[in-house]
Amino acid sequence: MTTALFTWVGESLFGIFEGAGQFTFLVRSTIQWLGRRSIEGRQTLVQIVRIGIDSMPVVLLTSFFTGMVLALEMGQTSQHFFNEPLFIGTVVSFAIVMELGPVMTAIVVAGRAGAAIAAELGTMRVTEQVDALYTLGTDPVRYLVIPRVLAFLAVLPFLTVMADFSGIIGGYFVAASKMHVPPNVYWHDIIDNMLPRHFWHGYLKTYVFATSVSFICCYKGITTRGGAEGVGRSTTAAVVMSMVSVLVLDYFATAVLNALGIT
Amino acid sequence: MIEAKGVVKRFGDRTILRGVDLTVEQGETLCIIGGSGCGKSTFLKCVIGLLRPDEGRVTVDGLDIAEMNEETRIGDYRRRFGYLFQEAALFDSMTVWENVTFGLRYLTRTDPSKFRSIAKDKLALVGLKDIEDFKPAELSGGMKKRVGLARAIAAEPSYILYDEPTTGLDPIMSDVINDLILDLQKQLKVTSIVVTHDMKSAYKIASRIAMLHEGRVLESAPPEAIKRSENPYVHQFVEGLSQGPIKMKLKDYEPDAAARQGTAG
């Protein structure tokens, strides 16, 4: 019993360290290829379209409703305490621009595009297409990983800005229609209080999220083992790990940005 | 010439290759036969550099890929090879002609405007026409293998490695592939290693057959000599006999092992 427990702990730890090593190797290899300026322009553009354009509707929709629910909750709360809906625009815009916009967008894109990346690369791995890349003179990191990482870095900040606008407009609809807040009050609540550093606070986080989500999904995909079942396992693990990484890194990114005064 | 000396390859606790010594002469077609899991495909992957041996070395024209670090030298090594994968491993997202010419972009300095006509020529060599714009999903198993073969020969390699080229094909299509391998041999004068457990195919295309069992080469000889081999392992395999020294595990439950455990307990 004790031996089995030690074996299980040992094997689990070995697996974690092995995975960490492989992940580090993938990141190092990506940096090396980028250093050689070996970028597949066409592949990168294809990925930008796939990740960006295809994720746009779902990102805008989720953000719009997030803005609506924030306005509703804030309106009800301030109505309850102050007998009138106060600072709805301020609360909605700060929550969306600094926190919910970047986090929600990263999570939605991880669930949609990240899962697709892990499944695609996983299928390529188990059907030997990744090995075929080697035999045909190119490197999977150069051909598969770099375009996806670059596409994430190009697209996620842009999608986040779009999500910010969508959420604020969603909040405006609820504030105007349900809380009867005059339009100029809602917009002035935003314009009078929001400074560029508040925008930068949320915007800079998206690069952290784009890096972590893209590397995790590529890593899980490219190290897939075990046929169709393995592809399913990798895809699930990629999405779960990406989402957890977004939430964990959000705290640390916020702490660093606060320390730098970008808040 | 391809030369393997004492090649050992392990995956975790399992040792797949236990000291393989093999030489493939220029212009020769060596068929490596052996049961599933004996290390045939692993050896092929060690030759092209997809896997690195844990011990021993593989040299091709005197070059050892394990000693190469520079990308240009590795590219020069890989340029010598064409590789036909077991399931063809065509890229799903590309058309047939893009698949066939994929390696030209990285292995050669061919003008991209000529890619399509090159693809057409290579596809004609493997008996296919008017399928340039098809996607791999629209092709039958035999057609996929032939497109894979066209891709393997597109960069005009000196060596072609075939990983079970006839597996999963009907007998007629298997023979078509065998004829193609022989035709390419004559036309392109390439050196080939074919991994297979299809004896009919091995007898037809091989100039020499090597039998691999439990990670070691048991015998390496011309097809006629292999047919008449007195080695009991080789004889059992080439005749396809269930009785003999090669034990196939039919099920996980083994009465002998269970009885032994019962006694020990």
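## Cysteines, cores and a surface patch

A search of the whole structure turns up zero disulfides over all chains, a disulfide being a pair of cysteine sulfur atoms within 2.5 Å. A:C218 is in no disulfide; the nearest cysteine sulfur belongs to A:C217 and is 7.1 Å away. A:C218 counts as buried, at 0% relative accessibility. Here buried means under 20% relative accessible area, exposed means over 50%, and partly exposed lies in between (1.4 Å probe, protein chains only). B:C31 is likewise in no disulfide; the nearest cysteine sulfur is that of B:C38, 13 Å away. B:C31 is buried too, with 0% relative accessibility.

This is a predicted model: local features need pLDDT of at least 70, side-chain atom pairs count only at pLDDT 80 or more, and totals for chains, interfaces and linings use all residues. Residues are numbered from 1 along each chain as its sequence is written, chains are lettered from A and ligands numbered from 1 in the order in which they are written, and side-chain values use heavy atoms, with hydrogens and water left out.

Turn to chain A. The chain has eight helices and zero strands. Helices (H or I, at least four residues) and strands (E, at least two) are DSSP runs, numbered from the N terminus. The order of elements from the N terminus is α-α-α-α-α-α-α-α. The C-alpha atoms fill a box of roughly 65 × 55 × 35 Å along the principal axes. Of the 263 residues in chain A, 46% are buried. Among contacts (heavy atoms within 4.5 Å) in chain A with a separation of 6 or more, 85% join residues 24 or more positions apart.

A:I48 gives a local view of the helices. This residue sits in helix α2 (residues 41-82) of chain A. A:I48 is partly exposed, at 27% relative accessible area. The C-alpha atoms of A:I48 and A:R148 are separated by 7.9 Å, though the two residues are 100 apart along the chain. Leaving out residues up to four places away in sequence, A:I48 touches A:I53, A:A151, A:A154 and A:V155.

What makes up the surface of chain A? The chain exposes about 12800 Å², and carbon and sulfur atoms supply 71% of this area. Accessible areas come from the Shrake-Rupley method with a 1.4 Å probe; for residues, only the protein chains shown count as cover. A:L5, A:W8, A:V9, A:L13, A:I16 and A:F17 make a nonpolar surface patch of about 670 Å². One of them, A:V9, lies in helix α1 (residues 2-35) of chain A. A:V9 is partly exposed, with a relative accessible area of 34%.

Now the interior. In soluble globular proteins, nonpolar side chains tend to be buried together. A nonpolar core is a set of buried Ala, Val, Leu, Ile, Met, Phe, Trp, Tyr and Cys residues joined through side-chain atoms within 4.5 Å. The largest such core has 78 residues, and B:I2 and B:F81 have the most contacts inside it. Helix α5 (residues 140-177) of chain A gives the most to this core, 12 residues. Beyond four places in sequence, the residues that B:I2 touches include B:L22, B:V47, B:F81, B:Y159 and B:I193. A second, separate core of 46 residues includes B:V100, B:I131, B:L180 and B:I205.

B:H213 ends the tour. This histidine is in strand β8 (residues 208-213) of chain B. B:H213 is buried, with a relative accessible area of 15%. Not counting residues up to four places away in sequence, B:H213 touches B:C38, B:L218, B:Y233 and B:I246.

Definitions and conventions: Patch = residues over 30% accessible without salt bridge, like charges linked within 9 Å, V, L, I, M, F, W, Y side chains within 5 Å. Salt bridge = Lys/Arg side-chain N within 4 Å of Asp/Glu carboxyl O.
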